[in-house]
Amino acid sequence: MLNAGLTVLGLSRFQFAMTTVFHFFFVPFSIGLAVIVAVMETMYVIKKEATYKKMAQFWGKIFLYSFAVGVVTGIIQEFQFGMNWSEYSRFMGDIFGAPLAIEALAAFFLESTFIGLWMFTWERFKPWLHALFIWLVAIGSSLSAVWILAANSFMQNPVGFAINKTTGRVVMTSFSAVVKNPQLWLELPHVLMGAGITASFVIAGCCAWRLLKKDHVSFYRKSLNVALVIGLIASIGSVAAGDFQTRYLINQQPMKFAAMEGLYKDSTNKGDWAVYSSFNTKQHKTTASLDVPYVLNILSYHRLSGTVKGQNTINQEMHATYDKKFGKDMNYYVPTKTLFWSFRLMAVSGGLFALMAIVGLFFNRRKSQLIMRQRWFLYIMGLMLWLPFLVNTAGWFITELGRYPWVVYGLLTIADAVSPTSTVGSLLFTNIVYFLLFAGLGLVMIVLSHRTLTAGPDGVEMNGYSSEDTSGKVEDPYGTEAFNHD
Ligand code: HEM
């Protein structure tokens with residue numbers, strides 16, 4: 001998949017992929033969890049039921065762990081640009097700088113300031129004002145995504161720039177064009193919906209495991225319902241946004257689209273869509289496939305007729321366009337097997353998430369005990385906890401591997417972006433160190449979350465005291481006692 005041989009380029013790519021994949025386990029989880037916790041606290045404000053406050057504090061604790069690990073891994077990710085991709089940083093600095101600075105100054109500061117306020121000021125402000133803090137955290141984390149994806153979208157579809165003739169680097173000529181990039185406004189909803197899926201299905205999975213143990217049944221059933229309602233909305237949203245992206249790629253990045261659909265030859269008007277295919281990637285051939293007619297045309301154009309270019313045709317077109325600047329030896333084929341299977345995993349999972357949410361909400365109806373009897377369903381839901389992480393990774397594989405050989409589409413190749421001073425030895429060393437660090441951080445995250453889950457909602461403490469008094473009586477959230485903890 002990646003050229004992960006022991007070369008500077010291979011090791012730099014491997015390190016970037018490892019760091020990004022690990023970082024992106026925590027990003028969508030935190031973005032989605034902030035929204036879900038905000039919804040829970042808002043329900044507490046509206047319904048005045050103490051369980052919702054407990055839910056916000058309990059799942060909020062796991063959100064705090066995830067946020068912390070996300071920040072640490074995000075910093076390591078930014079190191080990558082200076083360490084291993086200095087040519088890229090030189091080339092892109094003028095474009096990359098502005099969105100990243102705004103992300104740090106506006107979005108990340110908003111997020112971090114209000115996380116602190118939210119965490120330490122339970123009972124010190126009116127409940128609605130306290131709920132506003134977590135909404136500001138949620139807005140801050142989504143705004144972070146806007147600016148990071150603005151930079152990423154430029155790499156997929158460069159807009160609003162000129163090339164400086166002396167330095168050969170890109171210079172921003174229109175900030176508004178960079179912000180209005182259509183790639184960004186297709187990518188953003190898909191990523192945010194994926195974040196909603198990640199957080200809701202992790203919560204749903206945790207609830208399922210606890211319900212199998214008949215632990216705090218009413219608390220976990222209520223949490224499950226909130227998670228599944230948000231999970232259902234996010235699943236439908238991700239499928240809709242994914243559909244727009246798919247059709248946009250046909251013209252914008254046709255090689256990526258052809259690989260996602262496993263097409264080497266141009267498709268015929270019959271629109272055969274491969275459920276399964278095997279490939280000889282060296283000879284650029286499909287060796288076997290199981291096809292369903294018309295589906296390719298429905299997915300591509302929302303109609304029965306039409307044709308789609310295969311990778312072989314697109315390869316010739318790309319040579320005709322770029323050979324003058326990049327030479328005849330360029331390989332424009334992208335990793336077909338990875339894109340083909342990643343797309344199928346992602347699309348099938350989108351439907352599966354929606355289905356599981358609908359079935360789960362049906363079983364978990366108020367006053368019905370059905371969910372407690374459907375142990376098979378709880379087992380599947382519990383195992384599905386890991387699926388969103390896999391699916392998000394598959395999505396990024398498509399987005400990033402599908403723009404091969406470019407790091408900035410049509411302007412800079414991956415091979416030209418790597419640091420000239422990096423060595424195989426130093427990269428091997430940092431790869432091992434990062435791997436151990438990520439494994440350690442992942443373990444800490446799992447152990448802490450597991451401990452919080454097994455301690456249960458009664459064990460949760462925010463602001464240094466439990467929301468339940470020693471006699472086990474839940475305090476009145478609006479009563480004067482709630483403000484007397486000092
Ligand atoms: C029918 C369902 C889906 C379709 C048709 C779809 C389609 C796509 C396409 C075409 C891309 C590549 C976009 C590009 O390179 O510009 C993509 C990327 C991605 N997908 Fe999906 N997707 C679906 C479901 C999901 C689900 C359920 C998740 C998460 C749980 C997800 C997460 C992602 C992520 C994280 C990316 C990378 C970021 C981006 O480019 O948007 N996708 N998806």
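Where is the place of Lys 367? Lys 367 is located in the loop between α11 and α12 (370–373). The structure is a predicted model, in which local features need pLDDT of at least 70, side-chain atom pairs count only at pLDDT 80 or more, and totals for chains, interfaces and linings use all residues. Residues are numbered from 1 along each chain as its sequence is written.

View 1. Most residues other than glycine have a negative phi, and most peptide bonds are trans. Lys 367 is exposed because 4 other C-beta atoms lie within 10 Å; a residue is buried with 20 or more other C-beta atoms within 10 Å of its own, exposed with 12 or fewer, and partly exposed in between, the C-beta atoms being placed from the backbone.

**View 2. The hairpin of β3 and β4.** Strand β3 (residues 273–280) and strand β4 (residues 285–292) run antiparallel and are joined by 7 bridges. Helices (H or I, at least four residues) and strands (E, at least two) are DSSP runs numbered from the N terminus, and two strands pair if DSSP finds at least two bridges between them. Opposite Trp 273 stands Val 292 in β4. The hairpin has 4 residues between its strands, and His 284 in the turn has a positive phi of about 55°.

**View 3. The packing of helices α1 and α6.** Two packed helices are described by the angle between their axes and the distance between the axes. Helix α1 (residues 8–47) packs against helix α6 (residues 182–212) at an angle of about 75°, and their axes are 7 Å apart. α1 is therefore roughly perpendicular to α6. Axes are lines fitted to C-alpha atoms, for helices over the stretch in contact, and angles run from 0 to 180 degrees between N-to-C directions; angles under 35 degrees count as roughly parallel, over 145 as roughly antiparallel, 65 to 115 as roughly perpendicular and the rest as oblique. By class, this contact has 11 nonpolar, 5 polar and no charged residues. Ala, Val, Leu, Ile, Met, Phe, Trp, Tyr, Cys and Pro count as nonpolar, Asp, Glu, Lys and Arg as charged, and the others, Gly among them, as polar.

**View 4. The shell around the ligand.** The ligand is surrounded by 27 residues, of which the closest are Gly 194, Gly 242, Gly 350, Gly 395 and Thr 399; a residue is near a molecule if its C-beta atom, placed from the backbone, lies within 6 Å of it. At least two residues of the shell come from each of α6, α7 (217–252), α11 (336–363) and α14 (387–401). The shell comprises 11 nonpolar, 13 polar and 3 charged residues.

**View 5. Gln 156 in helix α4 (residues 127–156).** Gln 156 counts as buried because it has 23 C-beta neighbours inside 10 Å. Leaving aside residues up to four places away in sequence, Gln 156 touches Gln 183, Arg 403 and Tyr 409; contact requires C-beta atoms, placed from the backbone, within 7 Å.

**View 6. The cis peptide bond from Tyr 404 to Pro 405.** The omega of this bond is near 5°. Pro 405 is found in the loop between α14 and β5 (406–408).

Technical notes
Two residues are in contact if their C-beta atoms, placed from the backbone, lie within 7 Å.
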